[in-house]
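Please consider each numbered point with the structure in view.

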Amino acid sequence: MTLPVFYSSTLDGLRGAEAHHVQVKRITVGEKIVLVDGQGRSATCTVTAVSKDAVEVDVEHIDTVERAQHITVVQALPKSERSELTVDLLTQAGADTIIPWQASRSIAKWAGKEAKAHAKWEKTVTAAAKQCRRAWWPEVAQLHRTRDVITLIEQHIEQGRGPVLVLHETADQPLRSMDLRGDIMLIVGPEGGISPEEYEAFTRAGGRAAKLGPEILRTATAGFAALAGIGALTRW
(Lines give C-alpha, C1' and ligand atoms only; values in the text may rest on other atoms or scores of the structure.)
Protein backbone atom coordinates (compact mmCIF):
# COMPACT_ATOMS: atom_id res chain seq x y z
CA MET A 1 0.00 0.00 0.00
CA THR A 2 1.40 3.38 -0.99
CA LEU A 3 1.68 6.12 1.60
CA PRO A 4 -0.46 9.27 1.33
CA VAL A 5 1.36 12.30 -0.09
CA PHE A 6 1.16 15.90 1.14
CA TYR A 7 2.85 19.13 0.13
CA SER A 8 5.38 20.82 2.41
CA SER A 9 7.92 23.33 1.12
CA THR A 10 10.15 22.69 4.14
CA LEU A 11 9.49 18.94 4.64
CA ASP A 12 9.27 19.44 8.41
CA GLY A 13 5.52 19.26 8.95
CA LEU A 14 2.18 20.52 7.68
CA ARG A 15 0.20 23.68 8.30
CA GLY A 16 -3.15 25.04 7.17
CA ALA A 17 -5.03 23.30 4.38
CA GLU A 18 -2.54 20.43 4.06
CA ALA A 19 -2.84 19.73 7.78
CA HIS A 20 -6.60 19.69 7.38
CA HIS A 21 -6.28 17.09 4.63
CA VAL A 22 -4.52 14.81 7.14
CA GLN A 23 -7.58 15.03 9.39
CA VAL A 24 -9.93 14.40 6.50
CA LYS A 25 -8.01 11.22 5.70
CA ARG A 26 -8.21 10.27 9.41
CA ILE A 27 -4.48 9.84 9.69
CA THR A 28 -3.39 9.49 13.31
CA VAL A 29 -0.20 9.59 15.38
CA GLY A 30 2.17 6.77 14.50
CA GLU A 31 1.13 6.48 10.84
CA LYS A 32 3.56 7.13 8.02
CA ILE A 33 3.10 9.75 5.31
CA VAL A 34 5.21 11.26 2.51
CA LEU A 35 5.93 14.97 2.23
CA VAL A 36 7.04 16.45 -1.09
CA ASP A 37 8.29 19.95 -1.81
CA GLY A 38 7.56 19.92 -5.55
CA GLN A 39 11.23 20.67 -6.26
CA GLY A 40 12.54 17.12 -6.34
CA ARG A 41 12.60 16.17 -2.67
CA SER A 42 10.34 13.74 -0.84
CA ALA A 43 10.45 12.78 2.82
CA THR A 44 9.08 9.63 4.43
CA CYS A 45 7.79 10.63 7.86
CA THR A 46 6.01 9.32 10.93
CA VAL A 47 3.21 11.51 12.31
CA THR A 48 3.95 12.55 15.89
CA ALA A 49 1.14 15.04 16.55
CA VAL A 50 -2.09 16.11 14.86
CA SER A 51 -4.05 19.28 15.64
CA LYS A 52 -6.60 21.37 13.79
CA ASP A 53 -4.04 23.53 11.99
CA ALA A 54 -0.79 21.59 12.19
CA VAL A 55 0.74 18.17 11.82
CA GLU A 56 4.10 17.38 13.39
CA VAL A 57 6.30 14.65 11.96
CA ASP A 58 9.50 12.75 12.54
CA VAL A 59 11.43 12.63 9.25
CA GLU A 60 12.95 9.19 8.63
CA HIS A 61 14.73 9.91 5.36
CA ILE A 62 14.67 12.32 2.43
CA ASP A 63 15.00 11.25 -1.19
CA THR A 64 16.11 13.62 -3.93
CA VAL A 65 15.04 12.95 -7.51
CA GLU A 66 17.36 14.29 -10.19
CA ARG A 67 15.70 15.64 -13.32
CA ALA A 68 17.83 14.73 -16.33
CA GLN A 69 15.52 16.00 -19.07
CA HIS A 70 13.13 18.94 -18.94
CA ILE A 71 9.98 18.73 -21.08
CA THR A 72 7.90 21.81 -21.76
CA VAL A 73 4.42 21.34 -23.17
CA VAL A 74 2.83 24.24 -25.01
CA GLN A 75 -0.82 23.25 -24.70
CA ALA A 76 -3.50 24.94 -26.77
CA LEU A 77 -6.47 25.79 -24.59
CA PRO A 78 -8.93 22.88 -24.64
CA LYS A 79 -12.65 23.20 -24.17
CA SER A 80 -13.44 24.19 -20.61
CA GLU A 81 -14.94 20.82 -19.71
CA ARG A 82 -11.73 19.10 -20.83
CA SER A 83 -9.17 21.47 -19.36
CA GLU A 84 -8.79 19.66 -16.04
CA LEU A 85 -8.43 16.29 -17.78
CA THR A 86 -5.78 17.73 -20.10
CA VAL A 87 -3.65 19.22 -17.32
CA ASP A 88 -4.11 16.15 -15.12
CA LEU A 89 -2.84 13.84 -17.89
CA LEU A 90 0.12 16.09 -18.72
CA THR A 91 1.13 16.07 -15.06
CA GLN A 92 0.82 12.31 -14.79
CA ALA A 93 2.88 11.74 -17.93
CA GLY A 94 5.82 13.86 -16.80
CA ALA A 95 5.50 17.41 -18.17
CA ASP A 96 7.85 19.77 -16.31
CA THR A 97 6.42 23.05 -17.58
CA ILE A 98 2.91 23.54 -18.96
CA ILE A 99 2.31 26.64 -21.06
CA PRO A 100 -1.32 27.51 -21.85
CA TRP A 101 -1.54 28.72 -25.43
CA GLN A 102 -4.36 30.81 -26.93
CA ALA A 103 -4.23 29.28 -30.42
CA SER A 104 -6.17 30.90 -33.23
CA ARG A 105 -8.51 27.91 -33.42
CA SER A 106 -8.97 27.44 -29.67
CA ILE A 107 -12.64 27.46 -28.78
CA ALA A 108 -11.89 28.31 -25.15
CA LYS A 109 -10.89 31.91 -24.40
CA TRP A 110 -9.17 33.19 -21.26
CA ALA A 111 -9.74 36.87 -22.03
CA GLY A 112 -10.79 38.65 -18.85
CA LYS A 113 -10.42 35.54 -16.67
CA GLU A 114 -6.73 34.72 -16.99
CA ALA A 115 -6.04 34.69 -13.25
CA LYS A 116 -8.98 32.41 -12.45
CA ALA A 117 -8.18 29.99 -15.28
CA HIS A 118 -4.48 29.90 -14.41
CA ALA A 119 -5.28 29.16 -10.76
CA LYS A 120 -7.55 26.31 -11.87
CA TRP A 121 -4.72 24.74 -13.88
CA GLU A 122 -2.34 25.09 -10.92
CA LYS A 123 -4.88 23.47 -8.61
CA THR A 124 -5.24 20.57 -11.05
CA VAL A 125 -1.46 20.15 -11.21
CA THR A 126 -1.26 20.02 -7.41
CA ALA A 127 -3.92 17.33 -7.11
CA ALA A 128 -2.50 15.24 -9.98
CA ALA A 129 1.11 15.54 -8.79
CA LYS A 130 0.21 14.30 -5.32
CA GLN A 131 -1.94 11.51 -6.71
CA CYS A 132 0.88 10.19 -8.93
CA ARG A 133 3.53 10.86 -6.24
CA ARG A 134 5.64 13.29 -8.23
CA ALA A 135 8.60 14.86 -6.45
CA TRP A 136 8.95 17.48 -9.21
CA TRP A 137 5.75 19.42 -9.82
CA PRO A 138 5.09 21.09 -13.18
CA GLU A 139 5.15 24.85 -13.39
CA VAL A 140 2.12 26.42 -15.06
CA ALA A 141 3.20 29.46 -17.07
CA GLN A 142 1.06 32.47 -17.81
CA LEU A 143 -1.12 32.50 -20.91
CA HIS A 144 0.87 32.72 -24.14
CA ARG A 145 -0.22 34.06 -27.51
CA THR A 146 1.12 32.65 -30.76
CA ARG A 147 3.76 35.37 -31.04
CA ASP A 148 4.97 34.44 -27.54
CA VAL A 149 5.27 30.78 -28.53
CA ILE A 150 7.30 31.73 -31.62
CA THR A 151 9.72 33.64 -29.39
CA LEU A 152 10.02 30.64 -27.05
CA ILE A 153 10.82 28.34 -29.96
CA GLU A 154 13.49 30.70 -31.29
CA GLN A 155 15.10 31.00 -27.86
CA HIS A 156 14.99 27.24 -27.28
CA ILE A 157 16.71 26.57 -30.61
CA GLU A 158 19.25 29.39 -30.28
CA GLN A 159 20.30 28.11 -26.86
CA GLY A 160 20.76 24.60 -28.24
CA ARG A 161 18.58 23.10 -25.54
CA GLY A 162 17.04 20.35 -27.65
CA PRO A 163 14.29 19.71 -30.19
CA VAL A 164 10.98 21.55 -30.56
CA LEU A 165 8.33 19.07 -31.67
CA VAL A 166 5.15 20.31 -33.30
CA LEU A 167 2.50 17.58 -33.27
CA HIS A 168 0.83 17.67 -36.68
CA GLU A 169 -1.19 15.24 -38.78
CA THR A 170 0.77 16.04 -41.95
CA ALA A 171 4.13 15.10 -40.41
CA ASP A 172 5.89 12.12 -41.95
CA GLN A 173 8.45 11.53 -39.19
CA PRO A 174 7.35 9.53 -36.12
CA LEU A 175 8.68 10.20 -32.64
CA ARG A 176 10.72 7.00 -32.60
CA SER A 177 12.88 8.21 -35.51
CA MET A 178 13.60 11.67 -34.08
CA ASP A 179 16.54 12.91 -32.01
CA LEU A 180 15.06 13.30 -28.53
CA ARG A 181 18.22 14.27 -26.69
CA GLY A 182 18.26 17.37 -24.50
CA ASP A 183 15.33 19.36 -23.21
CA ILE A 184 12.20 19.01 -25.31
CA MET A 185 9.51 21.51 -26.19
CA LEU A 186 6.28 19.89 -27.31
CA ILE A 187 3.53 21.89 -29.03
CA VAL A 188 -0.02 20.54 -28.92
CA GLY A 189 -2.67 22.20 -31.04
CA PRO A 190 -6.38 22.76 -30.31
CA GLU A 191 -9.32 20.59 -31.35
CA GLY A 192 -9.47 22.33 -34.73
CA GLY A 193 -5.76 21.81 -35.31
CA ILE A 194 -2.86 24.21 -35.64
CA SER A 195 -3.66 26.75 -38.33
CA PRO A 196 -1.49 26.80 -41.48
CA GLU A 197 -0.14 30.21 -40.47
CA GLU A 198 0.85 29.02 -36.99
CA TYR A 199 2.35 25.80 -38.36
CA GLU A 200 4.47 27.73 -40.86
CA ALA A 201 5.62 30.20 -38.19
CA PHE A 202 6.54 27.44 -35.74
CA THR A 203 8.53 25.42 -38.26
CA ARG A 204 10.23 28.56 -39.61
CA ALA A 205 11.31 29.34 -36.02
CA GLY A 206 12.92 25.90 -35.71
CA GLY A 207 10.12 23.52 -34.76
CA ARG A 208 9.99 20.06 -36.34
CA ALA A 209 6.74 18.34 -37.29
CA ALA A 210 6.21 15.08 -35.40
CA LYS A 211 3.63 12.37 -35.97
CA LEU A 212 2.13 10.23 -33.21
CA GLY A 213 0.41 7.68 -35.40
CA PRO A 214 -2.33 7.19 -37.97
CA GLU A 215 -5.08 8.37 -35.62
CA ILE A 216 -5.85 12.02 -34.90
CA LEU A 217 -5.98 12.42 -31.13
CA ARG A 218 -7.94 15.01 -29.23
CA THR A 219 -6.01 17.87 -27.70
CA ALA A 220 -6.85 16.55 -24.23
CA THR A 221 -5.02 13.28 -24.90
CA ALA A 222 -2.43 14.12 -27.58
CA GLY A 223 0.07 15.60 -25.13
CA PHE A 224 -0.28 12.62 -22.80
CA ALA A 225 0.29 10.19 -25.68
CA ALA A 226 3.35 12.12 -26.88
CA LEU A 227 4.84 12.30 -23.39
CA ALA A 228 4.28 8.57 -22.95
CA GLY A 229 6.05 7.90 -26.25
CA ILE A 230 8.96 10.17 -25.29
CA GLY A 231 9.14 8.57 -21.86
CA ALA A 232 9.34 5.08 -23.34
CA LEU A 233 12.13 6.19 -25.67
CA THR A 234 14.21 8.30 -23.27
CA ARG A 235 13.24 8.34 -19.60
CA TRP A 236 11.54 5.11 -18.53
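1. Buried means under 20% relative accessible area, exposed means over 50%, and partly exposed lies in between (1.4 Å probe, protein chains only). R134, at 12% relative accessibility, therefore counts as buried, and so does D96, at 3%.

2. This is a predicted model, in which local features need pLDDT of at least 70, side-chain atom pairs count only at pLDDT 80 or more, and totals for chains, interfaces and linings use all residues. Residues are numbered from 1 along each chain as its sequence is written, and side-chain values use heavy atoms, with hydrogens and water left out.

3. The structure holds 11 salt bridges (a side-chain nitrogen of Lys or Arg within 4 Å of a carboxyl oxygen of Asp or Glu). One of them joins D96 and R134, with the closest N and O atoms 3.5 Å apart. Salt bridges that share partners join R67, D96, R134 and R235 into one network.

4. A salt bridge also forms between the side chains of E56 and R15 (3.4 Å, N to O). The pair links distant parts of the chain, 41 residues apart: E56 lies in strand 5 (residues 54-64) and R15 in strand 2 (residues 13-15). Strands are DSSP runs of E, at least two residues, and helices are runs of H or I, at least four, numbered from the N terminus. E56 is partly exposed at 32%, as is R15 at 49%.

5. T124 is found in helix 3 (residues 114-131) and is buried, with a relative accessible area of 9%. Leaving aside neighbours within four places in sequence, T124 is in contact (heavy atoms within 4.5 Å) with E84, V87 and D88.
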